[in-house]
Amino acid sequence: MKLLLFLLTLTSGFNTSSNALSTSRLGTVLGVRSLQRVPRWKRVRRTEHSSRSERKRRDSFGMFDGYDSCSEDTSSSSSSEESEEEVAPLPSNLPIIKNNGQVYTYPDGKSGMATCEMCGMVGVRDAFYSKTKRFCSVSCSRSYSSNSKKASILARLQGKPPTKKAKVLQKQPLVAKLAAYAQYQATLQNQAKTKAAVSMEGFSWGNYINSNSFIAAPVTCFKHAPMGTCWGDISENVRLEVPNTDCSLPTKVFWIAGIVKLAGYNALLRYEGFENDSGLDFWCNICGSDIHPVGWCAASGKPLVPPRTIQHKYTNWKAFLVKRLTGAKTLPPDFSQKVSESMQYPFKPCMRVEVVDKRHLCRTRVAVVESVIGGRLRLVYEESEDRTDDFWCHMHSPLIHHIGWSRSIGHRFKRSDITKKQDGHFDTPPHLFAKVKEVDQSGEWFKEGMKLEAIDPLNLSTICVATIRKVLADGFLMIGIDGSEAADGSDWFCYHATSPSIFPVGFCEINMIELTPPRGYTKLPFKWFDYLRETGSIAAPVKLFNKDVPNHGFRVGMKLEAVDLMEPRLICVATVTRIIHRLLRIHFDGWEEEYDQWVDCESPDLYPVGWCQLTGYQLQPPASQSSRENQSASSKQKKKAKSQQYKGHKKMTTLQLKEELLDGEDYNFLQGASDQESNGSANFYIKQEP
């Protein structure tokens, strides 16, 4: 969308239905009230009170008017100075920023945190109530308005009782909350350090992409990720207001920059005025708290200051910006609000769910949500006393279900030894889980013993010969991998009939994918017709499989962040190396191909570049040579037998099959040619003649 300026209070008569920005309107937004106004240094100094009022009115337009205007903004009024004296000092390790009476605390040293002026609650600034982000809720905002003296609020923030006129609920003192929050952040950092498989030191997505000319998958490819469905027209040349780091002023100032290159949530930005000079280009996350649409500074009273490197280039920066920005594009005015809303997740800690048992894939167990990060859930199995027996998955994963799901469809379920819910734990509402497509099982349907091809859940780099072992209700099937099944069926895996991880007989052959035959099968090269005849089996009808292929937008070579599903707590730097209709081959950068995974294009385990930075999740960079050698040596010492735990890489030697067409006498092709990298909806399956 074109540049939208939403400052209705500053620009009366602005037509919001128009996307184009005229020169006169830009002048208003950028503070150009009168280009011939008298410079500040020539103005007659008024009384202190009137001077402050006039300065506050002038600077509300936010346009750069010399470095002296910035220095004036840093001076605080007498009322704010008095307020600062009344607030008790906080611990030195909990820095505080105060601005015009508002207290914003940053216990973790990062921006984006705010403290409610009413109750002292510490939280994410974007999640706070009202445009000023001063209160954590509507009730706190109303309570604040009812207080006649600001000193009462400040006294309460110190932990002192409020005055008689301040009707405020007694809550935990601010210092105690900050200390608790700091301790919580330290705990999370320690956990991340102990669990990190590969050091993140020195890795930068921006440098990685720039140095290798990589292309990242666009955010619109990930519907489940924040802003995945409302990324809009964010593209190159979009203008933003960002912090000006090429400045020696003691306070934070902003300048306008344009997007040079997009990589997921990350953008390579160039300050306005540098033209073709890339010397100060920098990468940042567009969804960060310091990125704003053009016009935000004017609305917030923040100064626009050109970078020091190019300050000498123009004498009239206002005219320069008006010329450059007229008709340009910027972020939607509600962009930050949409980002905040898209990062609100319905799953909460202490919710109970049913999830696959990672040690016995054929059954589910009860687990409790321990934490939620970016929609990803850390689930702790309910019987884990030390809370270390955990499992990571996305809230839209097909591996989790509501309590009672297993019984309703006839799935195996491990009963918990805990006969009573623990205090605070409660069942997750069924409507929060991903819905599966309804199917009609009354007509021709899957039957036990039918053969098909399926992604091995214990070795996601392979597609194997498989058999339907049990037909459940609501379209669910229990699948076993031929030649490697446990005698008790403990490694059967539950797939829905519409799952993108199961395929009809011949799918791999026609799409030139290596099919893994049953372990111990010696009649090679493997041919389905011979195998079906030898085992006395029939192939599952092709028409029963999911053949929908969305226009997902992925292309070979695109970079992204992907979950290592064999170690699902890890998210790694990855690349799309093959595309077969809706099936993606994901390669983890720096690792051998045997660690690759076949993943559906709509999998909730794929994320845009910058997702980990946005959500605060640990990203695993490409493995170094030493890391790969250590991993390979460790893997060779393991037994070759198939692990029944849904965790850890399983290295298995696969048979190399020759690529040859199937005999025309035995098979009938539904379509003769196959686009190996197709993103269309054509069906490239084969079926056995009766």
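Trainee: Contact means heavy atoms within 4.5 Å, and axes are lines fitted to C-alpha atoms, for helices over the stretch in contact, with angles from 0 to 180 degrees between N-to-C directions. What does helix α10 lie across?

Mentor: α10 (residues 317-325) lies across β6 and β7, and runs at about 30 degrees to β7. Helices (H or I, at least four residues) and strands (E, at least two) are DSSP runs, numbered from the N terminus.

Trainee: What sort of model is this?

Mentor: A predicted one: local features need pLDDT of at least 70 and side-chain atom pairs count only at pLDDT 80 or more, while totals for chains, interfaces and linings use all residues. Residues are numbered from 1 along each chain as its sequence is written, and side-chain values use heavy atoms, with hydrogens and water left out.

Trainee: Back to the strands. What is the order in the open sheet of four?

Mentor: The order is β6-β7-β8-β9, with antiparallel pairing; two strands pair if DSSP finds at least two bridges between them. β6 (239-243) and β9 (282-285) are the edge strands, each pairing on one side only. From one strand to the next, the twist averages 50 degrees.

Trainee: How many bridges join β7 to β8?

Mentor: Six, between β7 (residues 254-263) and β8 (residues 266-271). Lys 261 has Leu 268 in β8 as its bridge partner.

Trainee: New topic. Which residues of α8 are buried?

Mentor: In α8 (residues 205-212) they are Trp 205, Gly 206, Tyr 208 and Ile 209. Buried means under 20% relative accessible area, exposed over 50%, partly exposed in between (1.4 Å probe, protein chains only).

Trainee: Why do they line one face?

Mentor: Seen down the axis of α8, they fall within an arc of 165 degrees, so they line one face of the helix. That arc is taken from the directions from the helix axis to the C-beta atoms. Asn 207 and Ser 211 are exposed, on the face turned away from the buried side. Ser 213 follows α8 with a positive phi, near 55 degrees.

Trainee: And the largest nonpolar core: which residues touch the most other members?

Mentor: Of its 130 residues, those are Trp 231, Phe 335, Leu 379, Phe 446, Ile 463, Phe 554 and Ile 586. Strand β24 (residues 571-580) gives the most to this core, with seven residues. A nonpolar core is a set of buried Ala, Val, Leu, Ile, Met, Phe, Trp, Tyr and Cys residues joined through side-chain atoms within 4.5 Å.

Trainee: What is Phe 446 in contact with?

Mentor: Leaving aside neighbours within four places in sequence, Phe 446 contacts Ile 468, Val 471, Leu 477, Ala 497, Ala 540, Leu 544 and Phe 545.
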